[in-house]
Each structure stands twice: as C-alpha cells, then as structure tokens.
Amino acid sequence: KMKLTVASSPHIRGNFRTNRIMLDVVIALLPALAVGVFVLGIRALLVAVVCIASAVASEWLYSVVTKTRNTVVDGSAIVTGLLLAMTLPATVPCWQAAIGSAFAIIVVKALCGGLGQNIFNPALAARAFMMLVWPASMVRYAALGVDGVTAATPLHHMVMPALPEETLLDMFLGNCPGSIGEISALALLIGGAYLVIRKVISVRIPAAYLGTVA
C-alpha cells in the first residue's frame, strides 16, 4: 500500500538557510530602493527605515509577549518591512508606515503561524490595510524634485484612460512619480537577475508573467 505523508511546507529542502535567502532578497531590492531615494529624495529612505524598524521591533515584541522562539535573526521581518516600504509613496506619514509594518508582522504573519504559514503576503496585505484605513495618504505621490506636492503616476494616467505623460525611457529608468520601489523597471530587472543568478528563484515564473503581458 502507498503511504501518504501529510506535512507543512517546505516540501523540497535545499542547502540554503532562511537568513541567507532573505539577505539575497534585500540585496536584490537595493537597486530599486536606491533609484527611489535618488528620484524622490531622502524621505523615501526614511520611510524604508521606519518600516524595517517597526517590522523588526514587532516581531521581537511578539516573541517576548507570547514566549515563543525569537525569529528576528532569520531576516524575514527586514524583508517584509522593506517590501512594504517599496509599495508606499515617499510622502506617507511615518507613523502610518510604522503601523502598517506592525500589522504585517503581527496580524498577517505571526497570528497565522509564522514564516511560511501565512495565507497572504504580509507586505501586500499591510498595504491593502493601509489603503483601506488611510486612502488619501496612499495616493499622494511627490512630484519629481519637489517635496509635498502631489503628482499623477503613469498608472493613474492609464486608468483614466490616457497615455502617460512620461516617455517609455523615463518609466524604464525611473524618472517618474510613483511608489518608492516601482518607478524604475531597470532597477527591478537588475534585482530579479541577481535572484536568478543566486538561484533563489527560477526564471520560469517571472518570464511567464512578463511574456503574458508582452
């Protein structure tokens, strides 16, 4: 008779450690973050630091309060905080960014069982939560080179519908308004290529998505 074994993921194990994979993800995100800071200003870096600090602090406090294993060292909280920051406009209030990160770690990740057990991506779920609670802050994008002034993003123009004011080259390089991590397609492709080279991800899934869009 065939024996059926039921177990939680991961089902295929390798020699990679979780903290090593998380470090690779952080490195892959750095080009997009660097472009965001360069184009949108130091405020973008501040939002990223606040999100990461809040995520790490929330994970540590949750482990202390619940008397469970401290998982801060695996680096997943850093990745969650950074990913959330990359989806936010640079103009978002820091206290909202901090609450969003805490929501991602405590509600979406920890209360669902921890790393690998959550049914939603913590960073994206936190962004959806922030969009629901503070919609005005989530659509206020800084105009290039100017602090505190809103500007329509290329995606906003296409929703209207209308053609973006920016050229394809501007959108590819990052010379356009938007969330901190979304404005430069080139920077994101560099990060993706790094993950493929490091064998953290396979090229098949992203290639299939990009091919479908193309």
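Author: Happy to; here is a tour of helix α3 and the parts around it.

First, some ground rules: this is a predicted model, in which local features need pLDDT of at least 70 and side-chain atom pairs count only at pLDDT 80 or more, while totals for chains, interfaces and linings use all residues. Residues are numbered from 1 along each chain as its sequence is written, and side-chain values use heavy atoms, with hydrogens and water left out.

Helices (DSSP runs of H or I, at least four residues) are numbered from the N terminus. Helix α3 spans residues 76-86. Nine of its 11 residues are buried, so α3 is largely enclosed by the rest of the structure. Here buried means under 20% relative accessible area, exposed means over 50%, and partly exposed lies in between (1.4 Å probe, protein chains only). The buried residues of α3 are Ser76, Ala77, Val79, Thr80, Gly81, Leu82, Leu84, Ala85 and Met86. What do they pack against? Their partners are α1, α2, α4 and α5 (122-133), where contact means heavy atoms within 4.5 Å.

Two of these partners also meet each other. The axes of α1 (residues 18-40) and α2 come within 6 Å and cross at roughly 135°. Axes are lines fitted to C-alpha atoms, for helices over the stretch in contact, with angles from 0 to 180 degrees between N-to-C directions. From α1, the contact uses Leu33, Gly36, Val37 and Leu40, and α2 supplies Ile42, Ala44, Leu45 and Ala48.

Further along α2 (residues 42-66) sits Ser54. Ser54 has a relative accessible area of 13%, so it is buried. Leaving aside neighbours within four places in sequence, Ser54 is in contact with Ala98, Ser101 and Ala102. Ser54 and Ala102 are 48 residues apart in sequence, yet their C-alpha atoms are 6.0 Å apart in space.

Back at α3, the loop between α3 and α4 (94-109) holds Thr87. With a relative accessible area of 17%, Thr87 is buried too. Not counting residues up to four places away in sequence, Thr87 touches Leu124, Arg127 and Ser179.

Conventions. Helices (H or I, at least four residues) and strands (E, at least two) are DSSP runs, numbered from the N terminus.
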